[in-house]
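User: I'd like to learn how to read aromatic contacts in a protein model. Can you walk me through them?

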Amino acid sequence: MGAMNELINRSNVEALADILALSAPGTQWPTVGVAAATLEELSLRGRTDQVSEALVSDLRQVPGADYSSAAALFRSALDHPGFTGWILWPVSETAVTLALETDTTACFADCLALLAELTPRLTGEFAIRRLLARDTDAALEAVLRWTSHPDEHVRRLASEGTRPYLPWAVRVPALVERPEATIPILDALYRDPSDYVRRSVANHLNDLARHSPDTVVATAAGWLQAPDANTAWVVRHGLRTLVKKGHPGALALQGFAPASVAVTALRLDRQVVAMPEDLGFEFEISNTGAADARLAVDYAVHYVKANGSQSVKVFKLTALTLAAGETRTLAKRHAFKPMTTRVHHPGLHALEVQVNGVRHGHTEFEVRTGAEPY
């Protein structure tokens with residue numbers, strides 16, 4: 001995470017202060033300078049907040065300063081090529097803070113427009129969250145208009161900024177409680193010419209699957225009725241979590257119907273995994289039905305948690321079609337190594353094969369992390 005934190009650093013914060021001084025001659029940015037010198041121990045989000053608070057503080061020292069004058073300053077700064085990159089995250093948060101403090105319809109609308117202007121330099125997906133939380137309907141009305149914007153960055157902001165579970169971003173309860181609210185945005189963008197936008201649409205749909213799977217399946221089914229060359233990929237990527245969970249509707253949309261299969265016992269290449277090592281496994285799968293079977297073959301790892309219980313994570317293995325009576329041998333290696341996204345704990349783990357949502361062959365093995373006594 002250290003490298004990520006350095007996306008906002010002393011050098012680019014000081015450069016920001018210089019650009020703002022050039023854009024508004026006579027203004028001083030001493031608090032921003034202090035903030036720039038004291039970032040070292042902070043996370044990226046912490047650095048964003050500190051710089052934004054410094055910007056607000058220095059702006060308030062300018063006689064007559066308010067949201068409108070700050071927005072004008074930021075628009076003027078867009079004339080400078082250096083007014084770009086991650087340093088615009090605290091800038092956009094500053095604009096939102098001042099707009100919400102002003103609490104007028106005009107400033108709210110203008111702040112949304114300002115984020116659309118800034119987002120080609122750096123995405124406004126994080127700052128927009130507080131506007132969505134303040135007035136979800138008004139914000140979504142403006143965002144929906146962005147879906148026809150000529151700039152792909154603005155169109156992506158429409159999808160990415162309204163994701164229910166956007167990483168690093170504050171939660172907007174209404175986006176979780178009203179899953180149908182953002183569907184018109186996705187409907188307008190799933191055939192977007194930009195892969196950058198389509199990936200956001202797929203990730204947004206996958207977010208919705210966490211709390212509204214039936215809405216997601218119905219939406220994807222509608223898209224498949226009016227597809228373009230990229231729709232199959234968007235749907236497949238958007239349904240990925242539901243497919244791993246074995247949701248019947250999601251599986252059916254991908255052509256995976258209930259099937260008659262036999263799966264042999266898993267053969268592991270070791271019973272004890274000493275981190276960092278890979279666990280190799282293989283098995284045979286047979287189509288015992290009378291017709292060809294299209295199969296989504298995944299595998300589930302039952303990880304040991306800190307309290308000794310287990311949590312399951314499903315991983316993609318392959319998709320294949322087996323003729324009636326056909327048998328296929330499948331093999332995979334799964335890595336157990338330190339990760340920033342998962343803390344491994346020693347103990348008895350388990351592995352299962354999942355075929356079209358149905359689990360087979362629960363097999364246990366031990367993981368040793370090196371921290372446990374022998």
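Analyst: Rings of Phe, Tyr and Trp (its six-membered ring) pair if their centres lie within 6.5 Å; planes under 30 degrees apart count as stacked, over 60 as edge-to-face and the rest as tilted. This is a predicted model, so local features need pLDDT of at least 70 and side-chain atom pairs pLDDT 80 or more, while totals for chains, interfaces and linings use all residues. Side-chain values use heavy atoms, without hydrogens or water, and residues are numbered from 1 along each chain as its sequence is written.

User: How many aromatic pairs does that rule give?

Analyst: Eleven. Take W86 and F126: their ring centres are 6.5 Å apart and the planes make 25 degrees, so this pair is stacked. W86 is in the loop between α5 (67-77) and α6 (88-102), F126 in the loop between α7 (105-118) and α8 (128-134), 40 residues apart. Helices (H or I, at least four residues) and strands (E, at least two) are DSSP runs, numbered from the N terminus.

User: What is the geometry of the F336 and F365 pair?

Analyst: Edge-to-face, with 5.7 Å centre to centre and 70 degrees between the planes. F336 lies in β7 (residues 327-336) and F365 in β9 (residues 358-368), so the pair ties together parts 29 residues apart in sequence.

User: Where do charges come in?

Analyst: A charge sits over a ring if NZ of Lys or CZ of Arg is within 6 Å of the ring centre and within 35 degrees of the ring normal. Here R210 lies over the face of Y165, 3.7 Å from the ring centre.
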